Amino acid sequence: MLQARIRAALLGGLFCTIVGCGGSGAPSGDAASSAAEPTLYLIKFPHVVATSTPKGQMAQRFKELAEERFAGRVLVEVYPSGQLMEDTESIEALAFGEVQMIATSLSLYDRLTQKFQVFDLPFLFSDLAAVERFQTSPEGKALLTTLTERGILGLQFWHNGMKQCSGPRPLIDPNDARGLKFRVQESDILQAEIEAVGGSPQKMAFGEVYQALQTGTVDAQENTWSNIYSAKFYEVQPYIIESNHGYIGYYVAVNAAFWRSLPDDLRAGLEATLAEVTEWGNARSEAINREDKQRIVDSGQSQVTVLTPEQQAAWQAAMRPVWDEYDDRIGRELVDAALVAAQ
């Protein structure tokens, strides 16, 4: 059913005669018989956040540079804000070749691999620089090809930022979270984190969160400053604490069969362009989050509290059982490598 619905969404208004739309990238129709004309490859790239966020800006920049540098050979269609599909749907759509590129949250892959859960261990990384050190380490780079056998090839990691908590009351102490319904991503380790502080985790797609907070379906949520601002969560959350308890980053992946079908020079050129965009965007992500935090403060709609080191330590202690539960599942060697990079 899901695959059929994805196909219907993609085909509606998007009748495609462009070569490279499917997973194989094989020519069809007139394109196959016109050797003189360059093959035009279509890359559909859906994501769920606003164009102003770090991911939104990187996706748009990749589109612009790819189409400029490979004019007549590549067309990149970016669909922001969940216009085409939600993140969990896009992972399956990529594996089936219905879309060609995605940048979905690392937290969403726990049904395919538990290795990515290292990024969700609470209070492992203190800031984006620590995350960067791990992702560029040999162990971090090796994670990019973890899902190749499933038809998903990772090319880069994109940063969003560090996570903060918001709710209907100040969440200064872990006990303040007790009894609250927390929206979390579709991730078991994130569910365990909320349970560790006495909350009730509710797995929910990003596009549903604002209305759920507004209607009281959920009471609280965790996210980066850029997502809290762009999705307007601060309008319906009177209190936000700066906890920096976790990381939101994205696995930039392509359909492996489609990517292998590209001419060598084009594939190499697109990978170089993506690496350039990654360096540009990851360097900007911290500033974007800082600016969006200030916009929230200036709005006066949410009271923002920065946790003291002692208060942060209390949250860390409360969530520590999650480490004990997930260390072996993730892999002790991988956790140790992340710990070394995080120092």
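**Helices, rings and burial: reading the labels**

Me: Why are α12 and α13 called roughly perpendicular to each other?

Reply: Helix α12 (residues 309-330) and helix α13 (residues 332-342) pack at an angle of about 110°, with axes 6 Å apart. Angles of 65 to 115 degrees count as roughly perpendicular (under 35 is roughly parallel, over 145 roughly antiparallel, the rest oblique), and therefore α12 and α13 get that label. The axes are lines fitted to C-alpha atoms over the stretch in contact, and the angle, from 0 to 180 degrees, is taken between N-to-C directions. Helices are DSSP runs of H or I with at least four residues, strands are E runs with at least two, and both are numbered from the N terminus.

The model is predicted: local features need pLDDT of at least 70, side-chain atom pairs count only at pLDDT 80 or more, and totals for chains, interfaces and linings use all residues. Residues are numbered from 1 along each chain as its sequence is written, and side-chain values use heavy atoms, without hydrogens or water.

Me: Which residues of α12 and α13 meet?

Reply: Trp-323, Asp-327 and Ile-330 in α12 meet Arg-332, Leu-334, Val-335 and Leu-339 in α13, where contact means heavy atoms within 4.5 Å. By class, five of these residues are nonpolar, none is polar and two are charged. Nonpolar covers Ala, Val, Leu, Ile, Met, Phe, Trp, Tyr, Cys and Pro, charged covers Asp, Glu, Lys and Arg, and the others, Gly among them, are polar.

Me: What makes the pair of Phe-119 and Phe-157 tilted?

Reply: Rings of Phe, Tyr and Trp (its six-membered ring) pair if their centres lie within 6.5 Å; planes under 30 degrees apart are stacked, over 60 edge-to-face, and the rest tilted. The centres of Phe-119 and Phe-157 are 5.7 Å apart with planes at 55°, so the pair is tilted. Phe-119 is in the loop between β3 (101-105) and α5 (128-135), and Phe-157, 38 residues away, is in strand β4 (residues 152-162). The structure has 14 aromatic pairs.

Me: Why does Gln-294 count as partly exposed?

Reply: Buried means under 20% relative accessible area, exposed over 50%, and partly exposed in between (1.4 Å probe, protein chains only). Gln-294 has 41% relative accessibility, so it counts as partly exposed. Gln-294 lies in helix α11 (residues 264-299). Phe-119 and Phe-157, in contrast, are buried.

Me: What makes Lys-55 lie over the face of Tyr-250?

Reply: NZ of Lys or CZ of Arg must be within 6 Å of the ring centre and within 35 degrees of the ring normal. Lys-55 is at 3.8 Å from the ring centre of Tyr-250. Arg-329 lies over Tyr-326 at 4.5 Å from the ring centre.
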